[in-house]
Amino acid sequence: MASFSVNCSLPLQPPRESLCCPSTTHKANGTSLSVKTAQSLKPIVVNGDPPTFVSAPGRRIVAVGDLHGDLGKARGALEIAGVLSPDGGDLWIGGDSVLIQLGDILDRGEDEIAILSLLRSLDIQAKENGGAIFQVNGNHETINVEGDFRYVDSGGFDECSDFLEYLEECAQNFEEAFVDWFDVSRKWKDERKISQNNWGPWNLVKRQKGVIARSILFRPGGPLASELARHPVVLKVNDWVFCHGGLLPHHVAYGLERMNREVSDWMRGLNGADEYSTLPFIATKGYDSVVWNRLYSRDVSELDDYQVIQIQSILKKTLQTIDAKAMVVGHTPQPTGVNCEFDCSIWRIDVGMSSGVLDSSPEVLEIRDNEARAIRSGKDKFSELQVIDYI
C-alpha cells in the first residue's frame, strides 16, 4: 500500500531568452548514449535504438499527455512544466530536466508538424544543458503511417501541403526544414489564410493536394514517418515506464526492445514492398496493443470489485516483470485531470487539452525520485502524491 502526503506549491517560471539555431541531434546506436550534463550529475544514458531504457540519475522528469495538433495548448503545457520560456521565445529553460511526451501529437488539430518540430528544437537545447526530451508514439502516430487519415483536421492537411513545399524550398534538407518549421509555420499559415478565398470552387483540389502531401510525408519510409521512427512505443526511465495506452504482461514477454525496433523498422519502410502485411500487430493493432489498450484508464467506480482486483493484479505483474515502480499512460481523456489509481502504480495524464478533444486546461505530471505531482496550471496549486514501496 502506498503512503502519501498532500501539499501545495507553485511551479517556477524562469526568465525568457531566445534561440534560433538548428543543431545536430544525438542518436543512439542500439547500445548507449551519454549527453552533456552538469558536473554534479551523472550523464543520461540511453539504451536501444529507438530508446527503450534510460538512466537519468537525479533528474526531474516531466510527462506531458496527448496534444493533438494544438500548438497553443502544447506551449501552455510546456510552460507550466517549467521547461519552455513563457512568452513566446521557445527557449528550453528546464535545465537538466527530462521531458517525456506520451504520443498522439497527430490528428484533430492544425499544427501537428509544428509541435513535432518544436519538441525536436527543444531537445537539441535540452541536451546542451544536461537534459533531454523523449517522445513515445501513440495510436494516432501509427494509424497515420498506415495511411488512415480519418481524424485529420482540414488544417492538418493544409500544414502538410505547406511543409512539403517548404521542404522543397530547403532543397530537400529535411533536418533544416523540420527544425525550423515551428518558427516559420505561422507565416505560412497566415499567408495561406489570406489566399484561402482565392481557392473558391477549387477547394476539392486543395484537399486532394493535402491528402497527397500527407501520404508522401507519413508513408513508411517517408520523411515524417522516419522522424516518428526515432521514438519508441514503450520507454522505461529510471523506475518508471511510459507508454501511450498501456503495457501488459504479454507485451513484456514479447520484448520491449523488440517491439520498439519492429515498429521503428516498419515506419522507416524497412519491411519491404508489403509493409502493411508485416505491421507490428502486438504494439500497434488490436484493443490490447500497446498504443490502443485502455485497461488501466477505465473509471474504477464503474467496475465491479473482482474487475478492479483483476486489473490491479495484471498491472502489478507487468511492473514487477520490468522492475518498475509505476506506469504513466495517455490515450484516454480524463475529465477529472491527471490522476492515479491502484495505489498510484498507474498515472493517467491525458487531460484532453487539445481544442479538438475536450479543450481542457493543460496539466502535466512531475516526478522527482519517487514523488509524483500533477501540476494543474501556472497559477493553481497542485496536488502531490508520494509513491513509496507499494510493489
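Local features were considered at pLDDT of at least 70 and side-chain atom pairs only at pLDDT 80 or more, whereas totals for chains, interfaces and linings use all residues of the predicted model. Residues are numbered from 1 along each chain as its sequence is written, and side-chain values rest on heavy atoms, with hydrogens and water left out.

The protein contains 11 helices and 13 strands, taken as DSSP runs numbered from the N terminus (helices: H or I, at least four residues; strands: E, at least two). Of its 391 residues, 55% are buried; here buried denotes under 20% relative accessible area, exposed over 50%, and partly exposed the range in between, with a 1.4 Å probe and protein chains only. Among contacts (heavy atoms within 4.5 Å) with a separation of 6 or more, 69% involve residues 24 or more positions apart.

Buried positions in α6 are Lys206, Gly210, Ala213, Arg214, Leu217 and Phe218. These residues cover an arc of only 110° around the axis and therefore lie on the same side of α6, the arc being that of the directions from the helix axis to the C-beta atoms. Leu204 and Ile212, on the other side of α6, are exposed. The cover over the buried residues of α6 includes α2 (112–128), α3 (139–146), α4 (154–169) and α7 (223–228).

Strand β7 (residues 240–243) pairs with two strands, pairing being assigned where DSSP finds at least two bridges. With β6 (residues 234–237) the pairing is antiparallel and extends over 4 bridges; valine 234 has cysteine 243 of β7 as its bridge partner. The hairpin of β6 and β7 has 2 residues between the strands, and asparagine 238 in this hairpin adopts a positive phi near 55°. With β8 (residues 326–329), β7 runs parallel and is joined by 3 bridges, and phenylalanine 242 stands opposite valine 328. In a regular strand, side chains alternate between the two faces of the sheet. Both faces of β7 are covered: Trp240 and Phe242 are buried on one side, and Val241 and Cys243 on the other.

With a disulfide defined as a pair of cysteine sulfur atoms within 2.5 Å, the count is 1. Cysteine 340 and cysteine 344 form this disulfide, with their sulfur atoms 2.1 Å apart, and both residues are buried. Cysteine 160 is counted as buried because its relative accessibility is 0%; cysteine 170, at 11% relative accessibility, also counts as buried.

Tyrosine 296 is located in the loop between α10 (281–284) and α11 (305–321). With a relative accessible area of 0%, tyrosine 296 is buried. Beyond its neighbours within four places in sequence, tyrosine 296 is in contact with Gly246, Leu247, Leu248, Ile311, Ile314, Leu315, Thr318, Met327, Ile346 and Arg348. Of these, glycine 246 is 50 residues away along the chain, yet its C-alpha atom is separated from that of tyrosine 296 by 6.8 Å.
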